[in-house]
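Good morning, everyone, and thank you for making time.

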Amino acid sequence: MATIHPSVDFRSDTVTWPTDEMRAAMAAATVGDDVYGEDPTVNALEALAAEMLGKAAGVWVTSGTQGNLIAALTHAQRGDEAIMGEDAHTFCWEAGGMAVLGGITPRPLPTDQRGRMDLAQVQRAIRGDDPHLPTSRLILLENSSGGNHGAAIAPDYFAAIHGIAQAHGLSTHLDGARLFNATTALGLPPTAITQWVDSASICLSKGLCAPVGSVLVGSEDFIRQARRQRKLLGGGMRQAGVLAAAGIIALKTMTQRLQADHHLAQRLAQGLATIPGIQIDPTVVETNMVFFALADTVAITPAELVTRLSHNYGLHIGGYGDRTLRAVTHYWIQPQQVDRLVEAISTLVLAGRSHH
Ligand SMILES: *Cc1c(COP(=O)(O)O)cnc(C)c1O
């Protein structure tokens with residue numbers, strides 16, 4: 001497939017390219033062997049992430065998936081069980097890594113429309129000491145909730161889960177791939193959420209525009225053990241400062257501008273809501289993700305809509321099963337493209353109707 005410029009690409013915020021400032025910093029980065037702990041740029045990134053997230057230490061990892069997997073392998077052993085939402089990224093979209101590589105059993109629980117597990121159900125899911133049973137060890141959380149319109153979950157939920165985990169000697173890990181989107185929407189510092197978890201991972205490569213990488217943070221001891229797991233998974237990188245230089249700009253600069261993406265998502269949602277046959281509730285759009293559905297009265301299929309948008313207008317959105325579609329805003333998307341997308345969808349959907 002031909003390269004798609006991110007200014008017309010609404011499929012995800014993973015499509016973002018590094019900014020000019022990032023490319024300049026990458027070219028100028030001082031580097032060393034990071035497996036030896038000698039890459040000053042990686043060290044600076046890890047220290048910055050730890051500070052921003054209120055933890056003692058951090059480790060640079062290749063991806064969000066690797067960060068979550070390393071966290072699971074560090075918190076839990078073979079035969080242990082990890083509780084998580086049934087729509088959590090860790091359960092649905094990470095190839096079952098903790099079970100495949102760690103012998104850790106996932107215990108998925110239902111979630112509400114914001115991606116929150118029921119507290120009483122979490123409590124009940126924690127198992128007693130019985131040789132028949134896996135050992136409850138870990139609770140995995142997510143914010144923003146990618147499976148739930150990118151909902152920004154408020155701190156009280158994390159505080160409550162923390163209380164339950166503490167009472168039973170369980171650890172907690174936050175999949176914070178889009179934590180800064182959540183805390184921007186909530187108007188809170190990231191520590192308002194991360195103070196309630198033992199470890200957290202954040203993605204630098206989504207809305208924050210770095211080309212590669214995530215950071216996992218936690219206590220000194222946790223991160224020391226996590227480095228062993230990273231090595232085991234083949235994630236020990238050498239002169240990674242070239243990449244980490246972009247990550248530093250992601251954390252310092254790009255975390256400060258996410259409100260703009262959220263405003264554009266709101267503009268998109270409100271535009272789509274004016275089109276007959278498009279089902280959307282703009283009030284559920286809190287961060288940078290816009291999910292919408294085609295009513296049964298709409299003749300064009302979701303797959304056709306995606307294809308026509310791409311062929312006729314050069315605009316790209318994602319299909320998300322059934323009649324649901326997704327458009328995500330990010331750094332490279334300008335207001336004009338949002339308006340073009342609304343117009344194009346309107347034209348295609350209304351044209352589809354007139355044939356019937
Ligand atoms: C993208 C994402 C991940 C995984 O990140 P990769 O870098 O794509 O491996 C994990 N959790 C959530 C919620 C995500 O959106």
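I will go through one valine, then the cysteines, and finish with a helix.

This is a predicted model, in which local features need pLDDT of at least 70 and side-chain atom pairs count only at pLDDT 80 or more, while totals for chains, interfaces and linings use all residues. Residues are numbered from 1 along each chain as its sequence is written, and side-chain values use heavy atoms, with hydrogens and water left out.

Let me start with V42, which sits in helix 2, residues 40-52; helices here are DSSP runs of H or I with at least four residues, numbered from the N terminus. V42 counts as buried because its relative accessibility is 0%, where buried means under 20% relative accessible area, exposed over 50%, and partly exposed in between, using a 1.4 Å probe and protein chains only. Leaving aside residues up to four places away in sequence, V42 touches D34, W60, A240, G241 and A244, a contact being heavy atoms within 4.5 Å. The C-alpha atoms of V42 and R238 are 9.9 Å apart, although 196 residues separate the two along the chain.

Now the cysteines: the whole structure contains zero disulfides, a disulfide being a pair of cysteine sulfur atoms within 2.5 Å. C92 is partly exposed at 38%, whereas C209 is buried at 0%.

Lastly, the buried residues of helix 12 include L258, D261, H262, L264 and A265.

Note on methods:
Helices (H or I, at least four residues) and strands (E, at least two) are DSSP runs, numbered from the N terminus.
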